[in-house]
Every structure is written in C-alpha cells, then in structure tokens.
Amino acid sequence: MDEFQKEASTFRSALKDVRVEEAFVPAISPSNVASWETNQYYKTEEEFLFAIAEAMREEYNAIVDAGFLLQVDDPALATYYILHPEASVEECRKWASMRVEALNHALRGIPEEKIRYHTCYSINFGPRVHDMELRHIIDIILRVRAGAYSFEAANPRHEHEWRLWKTVKLPEGKSIIPGVITQSTVLVEHPELVTERIMRFADAVGRENVIAGADCGFASFATSFEIHPSIVWAKLRSLVEGARLASEQLWGRASSVTVP
C-alpha cells in the first residue's frame with residue numbers, strides 16, 4: 001500500500017488549487033485481474049476469483065479511507081460475450097453473476113455511496129455487431145453494491161438503449177453515469193447533442209439521478225494513444241458545455257465545471 005499512499009498524496013496535492021465536487025480513483029475488478037492471471041493453486045475457478053476479490057479489498061478500502069470515491073472498472077463484464085462467441089447469452093449471464101458476487105464480496109462494508117461501478121465494450125473502432133446488449137446484463141449490473149453505475153450510451157451501437165431506463169427500476173438512492181461522449185469515434189460531439197442525451201436519461205430516471213459521463217477512457221493503457229489528446233480535450237469541452245446547457249434546462253442554473 002506504500003505505492004498507493006504516494007499516488008494518493010500526489011493526487012490530493014493536484015486537487016488543492018481546483019474546485020472539486022467529487023474525486024474518484026479507479027481500481028480494476030477481480031474478474032479483470034483473473035483474466036490476466038493463471039490459477040496455479042486454487043482447486044476451482046470460483047475459489048481463485050474470490051481469493052482475488054479478498055486481495056483487491058485491501059486496495060478498495062485504501063482508496064475510500066484516503067477520502068476518494070472508488071470507481072471499480074470492469075470491462076470484462078460486458079466484453080466477455082465478445083471474446084467468447086461460442087457462449088450463449090445465458091452462459092454469459094451466469095459467468096457475469098458469479099463475478100458480481102465476488103466483487104460484492106470485495107466491497108462489503110464500504111458505503112455504497114462511496115462506490116462507482118463502470119463497465120464498457122473496450123476501446124475499439126470496429127463494427128461492434130457482436131456487443132452484448134444492455135438488456136441482457138442491466139439487471140446484473142444493478143446487483144453491484146455501488147451508488148452509481150457508469151456505462152456506454154453515446155456509442156452509436158448502444159445509444160438507443162437509453163429507453164431501457166424507462167422500464168428498469170433504478171434502486172432508491174442510486175445514480176447512473178451514462179456516457180454522453182464516446183471513445184469509439186474521433187468525431188467530436190456537438191454540445192447540443194450532449195444536452196439531448198443528458199435530457200433523455202433525466203426524463204427516464206429523474207434529473208437528480210444522472211451524472212453526465214464518458215463511455216470509457218480514451219486509451220487502453222497509460223502508454224497508448226488511440227485518440228489524440230487534442231480530440232480528447234475537445235470532446236471533454238463538449239461534455240462540459242452540454243452539461244451546462246442541460247443544467248440550465250433541468251435546474252435553472254448552469255454547471256460551474258470548466259475544462260482548460
């Protein structure tokens with residue numbers, strides 16, 4: 001945890017001179033750790049997964065104890081279906097359910113309002129015709145012990161799925177963080193389109209339950225550059241301007257967030 005404490009201190013210092021409502025630190029989910037490691041000790045896949053969950057619990061607690069929100073990044077939940085074309089939707093749901101169970105084991109005791117959960121379809125510019133549909137996993141996502149759920153919604157393959165939130169009951173006290181800008185194209189969204197996307201979700205689940213977000217990060221790894229930084233900043237400016245316009249319509253006041 002020494003390395004994390006150094007990172008937390010650096011992050012805290014960077015926040016001193018800026019106005020911040022909530023600062024979060026991302027951490028990977030147990031299922032994603034398991035996909036990168038080989039089980040050479042545990043008798044079953046489930047034992048292996050829950051051992052990882054117990055180990056990750058230390059990092060999750062450290063983030064919250066440092067005063068930050070915890071964001072659990074779990075792209076595997078949505079992308080398992082893409083990587084296993086031989087598996088049926090029901091088989092993928094069964095796979096995902098056990099992973100959520102393990103994640104909840106790792107999150108036990110942490111206040112839900114301190115946790116965000118994120119899943120996505122990874123950063124690729126392909127046709128995406130084999131993506132898992134949100135309707136097949138939305139109930140599993142909502143089982144995660146989190147106060148807010150982040151997911152892709154600006155990706156053109158999934159933008160229509162906002163309608164699901166008109167029929168799916170969002171648990172009391174929970175929020176959604178739909179992507180209103182996407183990493184799946186270099187096109188920069190117009191702020192008014194961003195506003196429209198926010199308004200749809202506000203209409204579906206209530207204005208107080210929506211936080212405007214991005215579909216995902218703009219690089220697969222810290223050292224990769226799938227999207228040029230100038231485009232990323234332009235997209236973020238559209239996100240801020242679109243959120244400002246939406247805030248004016250929904251609340252009669254503008255957002256105070258700025259992007260350099």
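This is a short walk through one protein chain, from its overall form to single residues.

The model is predicted, so local features need pLDDT of at least 70 and side-chain atom pairs count only at pLDDT 80 or more, while totals for chains, interfaces and linings use all residues. Residues are numbered from 1 along each chain as its sequence is written, and side-chain values use heavy atoms, with hydrogens and water left out.

Start with the whole chain. It has eight helices and six strands. Helices (H or I, at least four residues) and strands (E, at least two) are DSSP runs, numbered from the N terminus. From that end, the elements run α-β-α-α-β-α-α-β-α-β-β-α-β-α. The C-alpha trace spans about 55 × 45 × 40 Å along its principal axes. With 260 residues, a compact globule would have a radius of gyration near 18 Å, and the chain agrees, because its own value is 18 Å. That radius is taken over C-alpha atoms, and the globule rule is 2.2 Å times the number of residues to the power 0.38.

Now look inside. Of the 260 residues, 47% count as buried. Buried means under 20% relative accessible area, exposed means over 50%, and partly exposed lies in between (1.4 Å probe, protein chains only). Contacts also tell of the fold. A contact means heavy atoms within 4.5 Å. Among contacts with a separation of 6 or more, 80% join residues 24 or more positions apart.

Go next to helix α7, residues 191-205. Helix α7 has 15 residues and reaches 21 Å from its first C-alpha to its last. That is close to the 21 Å expected at 1.5 Å a residue. The expected span is 1.5 Å times one less than the number of residues in the helix. The buried residues of α7 are P191, V194, T195, R197, I198, F201, A202, A204 and V205. They pack against β4 (148-151), β5 (175-181) and α8 (229-251). After α7 comes G206, whose phi is positive, near 100°.

Is R197 buried or exposed? R197 counts as buried because its relative accessible area is 6%. R197 touches A154, E159, V180, I181 and E189, not counting residues up to four places away in sequence. R197 and A153 are 44 residues apart in sequence, and their C-alpha atoms lie 8.5 Å apart in space.

Helix α4 covers residues 75-83. Its buried residues are A76, L77, A78, T79 and Y80. What do the buried residues of α4 pack against? They pack against α2 (30-36), α5 (89-107), β3 and α6.

Turn to the empty space. Rolling a probe the size of a water molecule over the atoms shows where empty space is left. On a 1 Å grid over the protein atoms alone, a cavity is a set of points where a 1.4 Å probe fits but cannot get out, and lining residues have an atom within 4 Å of a point. Grid points are joined across faces, edges and corners, and a volume is the space filled by probe spheres set on the points. The structure holds two cavities of 30 Å³ or more.

The largest cavity has about 60 Å³ of space. Its lining is A78, T119, C120, Y121, L134, I137, I141, F151, E152 and E161. These divide into seven nonpolar, one polar and two charged residues. Ala, Val, Leu, Ile, Met, Phe, Trp, Tyr, Cys and Pro count as nonpolar, Asp, Glu, Lys and Arg as charged, and the others, Gly among them, as polar.

The second largest cavity has about 30 Å³. L134, F151, E152, A153, H158, E159, E161, W162, W165 and F201 line it. By class, this lining has six nonpolar, one polar and three charged residues.

R128 sits in the loop between β3 (115-118) and α6 (138-141). R128 is buried, with a relative accessible area of 7%. Its phi is near 65°, a positive value in a residue other than glycine. Most residues other than glycine have a negative phi.

L15 belongs to helix α1, residues 2-15. At 22% relative accessibility, L15 counts as partly exposed. L15 touches V20, A23 and F68, leaving out residues up to four places away in sequence.

Finally, E248 lies in helix α8. E248 is partly exposed, at 37% relative accessible area. E248 and R99 are 149 residues apart in sequence and 40 Å apart in space, C-alpha to C-alpha.

Terms used. 1 Å grid on protein atoms, 1.4 Å probe; cavity = no way out; pocket = protein on both sides within 12 Å on 5 of 7 lines; lining within 4 Å.
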